[in-house]
Each structure stands twice: as C-alpha cells, then as structure tokens.
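Please look over the sequence and the model shown here before reading on.

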Amino acid sequence: APTDLLELESFDLVLLRDVPSEALPTAAAPALAAYVRDLGGGLAMIGGANSFGAGGWKGSPLEPVLPVSLDLPERLVSPEAAIVFVLDNSGSMGWAVMGSSRTKQQIVNDATALAVRTMDRRDLVGVIAFNQSPRVIVPLGTNEDPDRSIARIRSISPGGGTDIGPALEEARRQLRSSDAKVKHVILLSDGQSMAPEVLPAMAARMQREGIRVSTIAVGQEADLPTMRSIADNGEGTFYEVMNPNRLPRVFVKAVRVVRTPLIREQRFSPVMLRPDDALALPLGSSPPPLEGLVLTTAREELGVRDVLATPEGEPVLSVWRVGLGQVAAFTSDASVWAEPWIEPGVFDRFWTNLARTLARPGSTSPADLRLSVDGNRLRLQVEMTDENGAPRDGLSVTATVYGPDGGGREVTLTPSAPGVYEGESLTDGSGVHVAVVKPRDDGRALAPALAGVSVSSQSELRRLESDEALLSRLAEAGGGRVLDLDALDPAELFDRSELPPRTAETPLWPVLLAWTLVVALLDFATRRVAWDRWLSPNFGGDWREEARRSVADRSRAAATAVGGLRGALRRSADDQADATAIAFDQRDAEAASRAQVERIRAERLAEVREQAKRSRKASGATEIDPAPIVDATEPSDDEGALGLLAAKRRARERYEPEDES
C-alpha cells in the first residue's frame with residue numbers, strides 16, 4: 001500500500017474492502033487522510049468482519065474522515081469486553097530500539113495507547129505495569145476518557161527487575177468482579193521472570209475462571225517457552241515480536257481478536273433514506289436484502305448523506321465531502337453478505353456508480369509548483385496561469401507541507417511577481433517532504449498542485465553550490481584572504497607576506513603563585529614531620545630495647561627483695577608462726593625492696609661505727625661522736641641523710657648494751 005502522497009497522487013480512488021487497520025503500514029492511514037483532504041482523491045471503506053470498528057479502525061487517523069461513527073450504538077449498553085494490559089517496565093525496557101532514540105518502553109506505551117483508543121467507550125480497560133512488583137496504572141473501568149488513560153500509560157518509565165506472577169494475580173483480581181462478555185489479559189514482557197515455573201499454572205486457573213491470557217514476547221532476550229506456555233494454558237494467543245516497531249500493529253490485532261466483533265450477521269432489508277440520490281438509482285425502489293453488516297452509528301455533522309440504513313437506524317451507505325475529496329462508508333460487505341445483490345445485476349451497477357461518484361475528476365491544475373531546499377528551510381514557488389497561459393493574480397494560495405513523519409504544516413504563499421507566489425517552511429528532519437498547494441479564487445477551490453523533494457540527512461549535501469558570501473565574511477573576520485584556485489599559483493598558498501604576525505601572551509604569575517603556595521606547604525610539612533622515623537625499618541628500636549631492659553632490671557630487683565624478705569621472715573619466729581601465706585604484688589615487691597636496702601645500709605653503718613671504736617681504743621683517743629657517714633648510695637639531700645643516721649644511732653644505743661670500758 002502507498003505510504004506517502006507522492007505515491008498516492010497517481011490514483012483517483014482507493015477502496016478498503018474488509019481490511020483491518022494493522023494490515024496497512026503505520027504511515028498509510030495519515031497519508032490516505034491527506035490524500036482525500038488535500039489532493040481531492042476518493043476513498044471508500046467497505047465492511048466485513050475485519051473492517052470499521054471490528055477491524056480496529058477506531059482511534060486511527062482515518063476515523064475522522066469517515067462519514068460514520070465507530071462508537072457502539074446507544075442501545076448496546078452492556079460492556080462487550082474487559083481487557084487488562086500487563087506491561088513489563090523493567091530496566092531492559094529502557095534500551096534503545098534498532099539504533100534509534102526511542103526505547104522499547106516508549107514504543108510499548110504508544111502501542112498500548114493506540115490499542116486503548118481503538119476500544120469502545122463502554123469497554124472495560126485496565127493497565128498494570130510491573131517490575132519487581134506490580135503497579136496499577138489505570139484501574140479497570142469503562143473507557144469513557146481514553147485521553148486520560150493514554151496520558152497515564154505514556155508516563156510509564158522503565159526500571160527494576162522482572163516478576164510476572166504478582167502482576168497476573170492483580171489482573172485476575174480485577175477481572176473476577178467484571179460482568180463483561182469477554183475477559184482477557186494481554187501480557188507483554190521482554191525478559192526472564194522470577195519463578196517462571198508457576199506462571200503456566202496461574203494462566204490455567206485464570207482460564208477456568210473465564211479469563212483468557214494472551215502474551216507478547218519482545219526481543220531475543222524474552223523467555224519464549226514460558227510466554228508460549230502461558231498463552232497455551234490461558235487459551236490465548238502468543239505473539240513473538242523481534243522488531244519492537246511492529247508492536248502497535250500487534251497490539252491492535254490482539255485487541256481486535258479479543259473483542260467481540262461489532263457485526264450482526266442476519267438478513268435485513270435496507271431502507272432507502274434518499275431515493276433520489278444518484279448512488280441509490282441502481283438499487284431501484286426496493287433494494288435487495290443483505291445478510292449482515294458492521295455496527296456503526298450515524299454522524300450528526302452537516303454534509304453527511306445517509307443513503308441506506310437498517311430498519312433499526314444503523315448506517316449502511318453514507319457519503320460526505322472531506323476537503324477536496326469524497327469518502328463513502330458501506331457497512332455491509334462486497335462478497336458473502338452482499339450475495340443477494342449479485343444475481344439481479346444490482347451489484348455491478350451499484351459499485352460502478354459509486355466509483356464514478358467518489359473518484360477524483362481528471363483536470364489539469366493551473367499551478368506549477370517548484371520546491372527547493374536552502375539549509376533547514378524549504379522554499380515553495382508556485383506560478384499560476386489561466387487557460388490562455390496568462391499570469392493569474394489576486395488568488396488566495398495556501399500550501400500544506402508534509403514531513404517524513406506524516407505531520408502537516410500550513411504555509412501561506414504571498415505574491416512576489418505577476419502570477420508568482422512564494423513561501424517557505426522549516427524542514428523537520430531528513431527524508432521526503434511533500435507540499436500540496438491549494439489555490440482559491442474568490443472562495444472557489446481550484447485544482448491543487450503537488451510536488452516533493454528529498455532532504456539529505458547531511459547538511460553539507462543540501463547545497464549544490466558554494467556559499468561565497470559566507471566564505472568572504474569568514475576571511476574578513478579572520479584577517480585572511482579569499483583564494484581563487486583557478487587563477488592561483490600553488491606556491492602562493494604558502495605565502496604569508498600579507499598576513500600580519502600574531503602573538504598571544506598569557507600571564508604566568510597566577511599559575512606560579514599557586515604552585516609556590518603548594519610547594520611551601522609541602523616544605524613546611526617536610527620540616528615538621530620526622531619522615532625518617534616512619535620510613536626507617538629500625539623505627540622504635542631504641543625505646544623498645546630500653547623498655548625491655550627496664551622491665552628486666554625491675555624483675556631482678558623484685559626477686560632479690562623477695563629473697564631477702566623470706567630470710568628475714570625465717571629469722572622472726574613470731575612472725576613465721578602467725579603467717580600462713582604471703583602474697584606479693586608489684587607494690588609489695590617495691591616495699592620489700594626498699595626494706596632490704598635500708599637493712600643493708602644499717603648493717604654497713606654498724607660495721608663502720610664498730611671499726612671506728614676499735615681504732616680509737618687502740619690509739620687511746622677520747623671517744624666522741626663520730627662524724628656522720630653518708631653512704632654513696634644515699635640521695636644528695638644532706639639534711640635528710642644526717643637525720644636518718646642520727647635516728648638509727650639513737651635506736652642502736654637504746655637497745656644495745658653499753659661497752660664495759
């Protein structure tokens with residue numbers, strides 16, 4: 001099917017006979033709408049089990065141009081279907097698709113939004129997103145405000161792991177309370193779920209409760225066996241999608257299969273609403289019966305011609321004008337349901353008449369349209385002439401420029417010369433841009449003109465000649481020259497005689513000052529820290545050896561003191577009898593050591609005194625108090641030493657017997 005206006009421009013009429021929406025490329029529907037509106041082409045949608053609302057055309061770009069409404073008739077008040085979309089929004093859904101800037105999550109969100117828009121406003125719709133845990137995006141309810149639901153769906157962002165089980169349980173809980181004719185879950189995932197072994201059993205239990213489960217596996221990382229098993233146990237359909245760009249069509253197809261087709265297959269006799277209409281003339285006064293139709297409702301807009309209808313009032317044949325073209329809707333089909341029309345000869349006359357009415361009339365446009373690309377702008381120039389070839393002034397000329405994405409931009413062209421009108425528009429990316437010029441003379445539309453141009457993705461390829469003015473400005477601003485290669489000697493390319501020397505000065509003092517401060521701080525740190533101690537392997541050796549010696553000397557002194565004390569205790573019979581056990585700690589050892597030193601000093605002093613007495617007796621000297629004798633081991637405090645010796649002498653004189661001499 002053609003997907004742009006340049007391809008469609010060569011056709012005068014397009015017939016869609018029992019064609020579902022997903023059968024056409026995504027860009028075909030907006031191109032068909034523009035083909036009718038701007039080029040004056042004819043379009044007819046013919047019914048069948050895969051057409052109109054049953055074919056998923058609700059919410060598509062073609063719905064606004066159809067002369068019938070795709071909503072359910074008012075008398076069908078009970079919801080036809082209840083669908084819950086269970087969408088994976090784990091971290092892998094944030095990966096870009098096939099080198100584009102769009103992620104899988106964005107494509108899934110848009111596809112779900114398109115599926116929601118194709119559903120009837122009385123259908124029940126719910127959306128659940130899941131990663132490690134489920135989150136209800138749209139609670140199950142009637143589809144009365146699809147725009148609000150779509151806004152919530154497009155806000156889903158990826159992140160986290162993948163756990164399908166809790167999400168399926170939440171969908172089951174919501175659908176159990178619904179009284180819809182069809183209950184369905186559409187599950188999408190692109191990865192491996194936690195606890196996949198329990199998922200098929202969950203789908204089987206949901207199927208026993210009247211809930212079907214269809215699955216869509218996206219990409220090569222998806223758990224295809226588990227997703228297929230879920231669909232088999234849930235009596236749904238399994239879809240394997242390797243290219244995420246196909247997701248919109250898959251979603252629409254899944255919804256179309258799920259929903260009860262909006263068709264009624266029973267014989268009825270069409271009612272002539274406009275017997276004098278040219279389209280009704282081949283049918284005579286009493287049209288043959290039809291065997292079925294797709295249910296739609298009549299539009300209330302002005303300009304709609306309802307030619308045939310059912311006895312209940314549903315449209316069968318409706319026609320109206322959209323822009324420059326015409327569109328017809330025949331809600332019955334052109335094969336099985338219309339078989340009673342074939343034998344009487346009504347069939348061929350009816351369709352021939354309808355094709356002639358809708359087809360674009362053959363006419364030569366008075367407009368000559370030319371397009372050119374200048375940078376990121378598309379320039380339009382159209383020359384208008386009359387039947388004699390003379391310039392035609394005083395016209396109102398507008399144009400619609402369609403970009404590669406199918407979006408249109410309106411441009412007004414202004415006169416620039418006799419019969420010449422010009423305008424420009426911004427280009428929105430590389431690809432084919434199509435412009436349709438629609439001139440009007442005093443409100444009367446003239447035949448349109450169409451032209452297209454391809455815009456390269458590389459900006460340097462958009463110009464076919466050098467921009468000499470820009471090059472001259474660059475040379476002037478840089479103090480250089482514009483060289484003519486045709487008249488230039490190659491040696492002159494390196495001639496710098498006319499170029500003034502350029503010098504560039506950069507002060508160094510800020511950098512040097514900063515480095516000086518850094519080096520000064522390092523110097524201070526080096527001077528104040530004994531780095532050799534930390535780096536030397538002998539660090540701490542001196543004080544460790546000193547500590548070891550001190551401990552050893554103290555241990556020997558304590559052992560000596562303890563030995564002396566034990567001897568003294570043995571010499572004291574009274575103390576030995578009363579003492580049963582002696583325990584020494586560090587303080588007792590120090591006290592014993594001091595006592596032993598005092599005893600030794602007293603013994604030495606007594607020996608010296610005794611020797612002095614014997615010397616005096618031998619010499620016949622008069623006995624006087626000897627001078628105090630200070631032991632070399634005593635402290636340097638004389639007063640303390642003399643007092644201690646005097647006290648010892650008085651004690652000895654008191655307890656020792658006097659010398660007989």
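In this predicted model, the axes of helix 3 and helix 4 (residues 146–153) come within 9 Å and cross at roughly 165°, where axes are lines fitted to C-alpha atoms, for helices over the stretch in contact, and angles run from 0 to 180 degrees between N-to-C directions. Helices (H or I, at least four residues) and strands (E, at least two) are DSSP runs, numbered from the N terminus. Angles under 35 degrees count as roughly parallel, over 145 as roughly antiparallel, 65 to 115 as roughly perpendicular and the rest as oblique; helix 3 and helix 4 are therefore roughly antiparallel to each other. Their crossing is right-handed, a term used if the near helix is turned clockwise from the far one by less than a right angle.

Asn109, Thr112, Ala113, Val116 and Arg117 of helix 3 meet Pro146, Asp147, Ile150 and Ile153 of helix 4, with contact meaning heavy atoms within 4.5 Å. These residues divide into 5 nonpolar, 2 polar and 2 charged, where Ala, Val, Leu, Ile, Met, Phe, Trp, Tyr, Cys and Pro count as nonpolar, Asp, Glu, Lys and Arg as charged, and the others, Gly among them, as polar.

A second pair is formed by helix 6 (residues 199–208) and helix 7 (residues 224–233), whose axes come within 7 Å and cross at roughly 20°, and which are therefore roughly parallel to each other. The crossing of helix 6 and helix 7 is right-handed. On the side of helix 6, the contact is made by Leu199, Pro200, Ala203, Ala204 and Gln207, and on the side of helix 7 by Thr226, Ser229, Ile230 and Asn233. The residues of this contact divide into 5 nonpolar, 4 polar and no charged.

The single residues come next. Ser90 is found in the loop between strand 4 (81–88) and helix 3 (104–118), and it counts as buried because its relative accessibility is 1%; buried means under 20% relative accessible area, exposed over 50%, and partly exposed in between (1.4 Å probe, protein chains only). The side chain of Ser90 makes a polar contact with the side chain of Thr162 (3.4 Å). Leaving aside neighbours within four places in sequence, Ser90 is in contact with several residues, among them Phe130, Asn131, Pro158 and Asp190.

Gly345 lies in the loop between strand 16 (325–330) and helix 9 (346–358), and at 18% relative accessibility it counts as buried. Gly345 and Pro282 are 63 residues apart in sequence and 9.2 Å apart in space, C-alpha to C-alpha.

Most residues other than glycine have a negative phi.

| Residue | Phi | Relative accessible area |
|---|---|---|
| Asp18 | near 55° | 28%, partly exposed |
| Glu235 | about 55° | 42%, partly exposed |

Asp18 has its place in the loop between strand 1 (13–17) and helix 2 (28–39), whereas Glu235 is found in strand 9 (residues 235–241).

For the chain as a whole, there are 16 helices and 24 strands, and 40% of the 661 residues count as buried.

Residues are numbered from 1 along each chain as its sequence is written, and side-chain values use heavy atoms, with hydrogens and water left out. Because the model is predicted, local features need pLDDT of at least 70 and side-chain atom pairs count only at pLDDT 80 or more, while totals for chains, interfaces and linings use all residues.

How values were computed:
A polar contact is a pair of N or O atoms within 3.5 Å; within protein, one must be able to donate a hydrogen and the other to accept it, and residues adjacent in sequence count only if both atoms are side-chain atoms.
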